Amino acid sequence: MINTALDLVTRDGWAVSPDNLADSPLAIRGLTVAYGEKPAVFSVDATFPAEAMSAIIGPNGAGKSTLLKAALGVIPRLSGDVTIFGAPVDAARNRIAYVPQRASVDWDFPTTVIDVVLMGLYRQVGLLGWLTKKHIETARACLGRVGMADFAHRQIGQLSGGQQQRVFLARALAQGADLYLLDEPFAGVDAATERAIVDVLKMLKAEQKALVCVHHDLATVDTYFDHVLLLNVRKIAEGPVETTFTAENLQATYGGRLATTHIEQLNLAAGAA
């Protein structure tokens with residue numbers, strides 16, 4: 001059950017009660033996941049705001065991807081509650097789009113780019129349903145939004161890493177979701193692809209969608225995101241980027257693994273502000 005004693009924090013930093021969990025696109029309470037006897041995520045609470053881009057950051061092995069997968073039910077959790085816009089996950093799957101890590105996908109599977117994007121429409125037509133001209137037009141439009149319209153009939157395995165990531169984002173767009181969960185969407189892509197993906201994510205935010213990204217580049221957190229969860233098996237801190245993404249919280253999250261130069265840059269930025 002949800003702990004009614006918890007204080008929650010919204011994008012603007014004001015406290016809300018658990019009665020307002022329906023306002024959160026993704027609310028996690030007491031989530032614990034273990035591999036064997038070792039917890040990968042331990043008793044994590046997080047409340048992600050609507051109409052915002054949120055980052056989950058932390059060192060390697062901190063449980064960032066595990067948190068997303070367990071929230072979705074892709075992997076089992078030992079304990080915890082997860083709600084999507086106030087509803088159980090299974091009742092709200094049509095409102096969620098998930099973009100997995102590129103490294104977890106079998107890119108040798110013989111399929112074309114347009115077919116990958118059409119997979120995002122299976123909820124509408126069913127696995128045995130007929131794809132219509134309108135569905136194909138929707139898929140092409142989504143490819144156009146990520147700059148991949150000219151690659152519609154290319155085999156997915158023939159694309160570069162950045163192009164493959166754009167295609168999977170197009171598949172997510174085809175789902176017409178309200179909440180987008182992305183697991184390291186910028187990993188292994190070039191600068192041009194990263195800018196293109198960021199532009200699409202910001203367009204989704206402008207369309208009043210919510211986005212939660214596992215992210216690894218500390219240098220871009222305050223540029224890309226509104227809200228941040230700092231995680232290292234346990235939650236270290238959570239809240240608006242401007243008040244939560246601090247040198248103190250980063251040091252608590254990363255310990256000695258955090259580059260001193262980055263701490264100094266954050267301190268200088270804080271001083272300038």
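Reader: Where does Phe-109 lie?

Author: This is a predicted model. In it, Phe-109 lies in the loop between β8 (96–99) and α2 (113–118).

Reader: Why is Phe-109 called partly exposed?

Author: Its relative accessibility is 48%. Buried means under 20%, and exposed means over 50%. Phe-109 falls in between, so it counts as partly exposed.

Reader: What makes Phe-109 part of a nonpolar surface patch?

Author: A patch residue needs over 30% relative accessible area. Phe-109 has 48%. Nonpolar side chains are joined within 5 Å. The patch is made by Phe-109, Met-119, Tyr-122 and Leu-131, and covers about 340 Å².

Reader: Now the inside. Which residues have the most contacts within the largest nonpolar core?

Author: Ile-57, Tyr-180 and Leu-201 do, in a core of 50 residues. Helix α5 (residues 161–174) gives the most to this core, with seven residues.

Reader: What does Leu-201 touch, beyond residues up to four places away in sequence?

Author: Leu-201 touches Met-53, Leu-169, Leu-182, Phe-186, Leu-211 and Cys-213. Contact here means heavy atoms within 4.5 Å.

Reader: How do you know whether Thr-32 is buried or exposed?

Author: Set the value against the cut-off. Thr-32 has 9% relative accessibility. Buried means under 20%. Therefore Thr-32 counts as buried.

Reader: Where is Thr-32, and what is it in contact with?

Author: Thr-32 sits in strand β3 (residues 26–35). Leaving aside neighbours within four places in sequence, Thr-32 is in contact with Val-41, Phe-42, Ser-43, Arg-77, Leu-78 and Ser-79.

Reader: What is the strand order in the open sheet of four strands?

Author: The order is β4-β3-β6-β7, with antiparallel pairing.

Reader: Why are β4 and β7 said to stand at the edges?

Author: β4 (38–48) and β7 (87–88) each have a single partner strand, so one side of each is left without a neighbour in the sheet.

Reader: How do you know that β6 and β7 pair?

Author: Pairing takes at least two bridges. Two bridges join β6 (residues 79–84) to β7, so the pair qualifies. The two strands run antiparallel. Thr-83 stands opposite Pro-88 in β7.

Reader: What makes β11 a mostly covered strand?

Author: Five of the six residues in β11 (residues 227–232) are buried.

Reader: Which strands are joined to β11 by bridges?

Author: Take β5 (residues 53–57) and β12 (residues 234–240) in turn. Four bridges join β5 to β11, and these strands run parallel. The bridge partner of Ser-54 in β11 is His-227. Six bridges join β11 to β12, and these run antiparallel. Leu-231 stands opposite Lys-235 in β12.

Reader: How many residues lie between β11 and β12 in their hairpin?

Author: One residue lies between them. Val-233 in the turn has a positive phi of about 70 degrees.

Reader: And the chain as a whole: how many helices and strands does it have?

Author: The chain has ten helices and twelve strands. Buried residues make up 50% of its 273 residues. Its accessible surface comes to about 13100 Å², and 51% of that belongs to carbon and sulfur atoms.

Technical notes:
Residues numbered from 1 in each chain as written. Predicted model: local features only at pLDDT ≥ 70, side-chain atom pairs only at ≥ 80, totals over all residues. Heavy atoms only, no water. Patch = residues over 30% accessible without salt bridge, like charges linked within 9 Å, V, L, I, M, F, W, Y side chains within 5 Å. Areas by Shrake-Rupley, 256 points an atom, 1.4 Å probe, with all protein chains shown as cover. Salt bridge = Lys/Arg side-chain N within 4 Å of Asp/Glu carboxyl O. Buried < 20%, exposed > 50% of the residue type's maximum accessible area, 1.4 Å probe, protein only. Core = buried A, V, L, I, M, F, W, Y, C linked by side-chain atoms within 4.5 Å.
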